[in-house]
Amino acid sequence: MSNVRQISVFVENKPGKLAEAMKLLKSSKINIRALALADTKDFGILRIIVNDTEKTVDILKDASYAVTVTEVVAISIPDSAGQLSRVLDILGENGVNLEYLYAFIGKSDRSVSFVLRVDDNNSAADALTDAGIIQLTENDIAEM
Amino acid sequence: MERYWNEEIECASREDMKKLQDERLVAQVKHVYENVKYYRDLMDEKGVKPEDIKSTEDLHKLPFLSKADLREAYPYGLLAKPLSDCVRIHATSGTTGKRVVAFYTQNDVDMWEDCVARAITAAGGTEDDVVQVAYGYGLFTGGMGIHGGSHKRGCLTLPMSSGNTERQIQFMRDLGATILCCTPSYAAYIGETLHDMGLTPDDIQLKAGIFGAEPWTEEMRRSIEKSLGIKAFDIYGLTESSGPGVAFECSEQTGMHINEDNFIPEIIDPETGEVLPEGEVGELVFTSITKEAFPLLRYRTRDLCVLSRKKCSCGRTLIKMAKPMGRSDDMMIIRGVNVFPSQIETVLIEQGYSPNYLIEVDRVNNTDTLDISVEMNPDQFSDKVKDMQKQERDLAEAIKAMLGINPKVHLVSPKSITRSEGKAVRVIDKRNLHD
């Protein structure tokens with residue numbers, strides 16, 4: 001069972017700031033597989049999963065961005081009513097606290113993928129495996 | 001082993017020093033009265049004659065000079081020597097209005113450089129040292145003043161001026177600079193750049209720094225000392241008196257010795273002008289007793305500080321001034337509370353933030369607002385919004401505990417606040433725009 005590494009980037013909540021970060025990744029041909037942005041009045045936290053984590057972190061750090069890498073769980077579930085609710089129930093029943101989640105484009109149009117940021121990756125992974133939910137590796141995501 | 005540049009003066013007995021001051025003051029008042037019409041009029045208005053000033057005890061009888069007088073007398077109104085006797089002009093940056101220009105005879109330059117040589121010696125400087133002068137050269141007194149003092153001390157002088165920070169570090173390494181002189185904010189930036197270049201204090205030979213020309217905190221000192229691997233010494237001065245070197249710090253690092261053989265300090269109540277006893281906080285006033293060309297008597301510096309004659313472990317008997325809490329110009333009155341940028345800086349460094357910040361004061365619906373932009377600490381960065389918001393809240397609370405008023409704290413990107421190569425601009429007061 002391998003967790004997926006997510007890169008978080010501090011981005012000021014000002015015009016053009018996100019574009020600057022994106023331009024940097026574009027010029028290095030980094031492909032973003034999954035993305036979510038959480039924002040406050042002053043700043044946003046950009047969360048991304050990319051095809052080359054090490055390189056992306058180096059590029060961002062060289063440009064003086066504040067960056068942190070956290071392990072998250074990525075899953076692929078059928079694209080039908082009630083599927084996400086089922087996942088959340090499983091986590092809740094196993095005492096796993098969910099910090100945030102976001103969806104991203106999956107492998108096929110019959111399934112949908114999610115990134116789950118939880119307080120306990122191992123418990124979450126075990127519980128999801130027991131329930132037969134497909135978990136994605138970093139490789140799976142890179143190759144999508 | 002403490003070294004002195006001029007032991008006879010720096011360690012003189014109080015009696016000898018007072019005798020010297022008395023003689024010089026009497027002669028100086030006569031010189032000014034005879035040669036400076038502007039000040040003669042002020043004295044006449046107050047009914048004071050040069051004969052009334054017999055010793056330093058009579059100093060309080062003399063009228064004050066303020067920045068406003070200097071502006072009114074601009075450019076030649078306070079000149080006490082013919083221009084043909086002058087060899088140099090310096091000027092203030094003029095950020096708070098019209099520039100102040102100051103004139104120097106050769107004796108004035110010699111005296112000034114002698115004061116700086118004392119400061120360099122107190123920081124451990126000898127003929128074997130390489131002094132890197134990263135203050136701006138030009139009208140500003142910082143560059144030329146330290147440069148001249150370093151020459152006088154016999155140090156190998158590296159006249160870098162400010163700016164081009166990577167080149168500063170390259171020269172520092174290649175030529176083995178041992179003493180760095182610049183503003184504290186620029187020293188902090190040089191330290192930051194050193195680390196960005198993947199270098200450590202072990203890669204340079206600096207042992208000391210002499211930093212001045214802007215207020216800085218004890219926390220800032222420790223942070224610079226750590227990042228550059230040096231002992232950091234404070235130096236004080238103002239263009240109106242000569243430049244850096246009016247007062248300097250010794251190894252004890254508990255305040256600056258005033259070169260009182262040239263500058264007599266007083267502390268006054270800024271409201272009433274009354275002289276305050278030693279140990280009380282008030283406005284610092286200087287009387288130049290040896291300057292020839294631009295001899296200001298009882299000049300109000302607007303710097304708030306304390307004087308002390310407590311015995312110093314370095315052996316110098318020169319009176320000490322505490323690090324100024326800030327120039328009264330820097331003081332902001334926000335919601336009726338006196339706030340100095342240095343207080344905010346203290347909290348930031350204590351809480352692990354960089355000393356780069358921007359304070360914005362405004363008035364919205366008749367209420368003052370205080371917004372502080374602070375560079376977030378990359379080591380504390382979390383992917384969770386609530387963690388980051390907590391950092392903002394904790395910092396705002398620590399600042400509130402210091403100031404008594406609630407600020408709005410905004411975390412901004414690392415290195416996004418403009419670094420200063422000279423005097424840092426840390427405050428934008430937008431309230432003036434509405435007046």
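Which domains does the domain assignment of chain A give, and how many residues of domain 1 of chain A are in contact with domain 2 of chain A?

Author: This is a predicted model, in which local features need pLDDT of at least 70 and side-chain atom pairs count only at pLDDT 80 or more, while totals for chains, interfaces and linings use all residues. Residues are numbered from 1 along each chain as its sequence is written, chains are lettered from A and ligands numbered from 1 in the order in which they are written, and side-chain values use heavy atoms, with hydrogens and water left out.

For chain A, the assignment gives domain 1 (4–70) and domain 2 (71–142); such bounds come from an automatic or database domain assignment. The C-alpha centres of these two domains of chain A are 22 Å apart. At their interface, 14 residues of domain 1 of chain A are in contact with 13 residues of domain 2 of chain A, contact meaning heavy atoms within 4.5 Å.

Between them, the two domains of chain A bury about 1300 Å², with 57% of it on carbon and sulfur atoms. Buried area here is the accessible area (1.4 Å probe) that two parts lose on being put together, summed over both. Of the area that domain 1 of chain A buries against domain 2 of chain A, 43% is supplied by A:Val4, A:Arg33 and A:Thr70, more than by any other three residues.

A:Arg5 and A:Glu138 form a salt bridge, with their closest N and O atoms 2.7 Å apart. The rule also finds 7 residue pairs in polar contact across the interface of the two domains of chain A, both residues at pLDDT 80 or more. A polar contact is a pair of N or O atoms within 3.5 Å; within protein, one must be able to donate a hydrogen and the other to accept it, and residues adjacent in sequence count only if both atoms are side-chain atoms.

On the side of domain 1 of chain A that touches domain 2 of chain A, the elements giving two or more residues are β1 (4–12), β2 (32–39), β3 (43–50) and β4 (67–78) of chain A. Strands (E, at least two residues) are DSSP runs, numbered from the N terminus. The largest share of that side, 4 residues, comes from β2(A).

Conventions
Salt bridge = Lys/Arg side-chain N within 4 Å of Asp/Glu carboxyl O.
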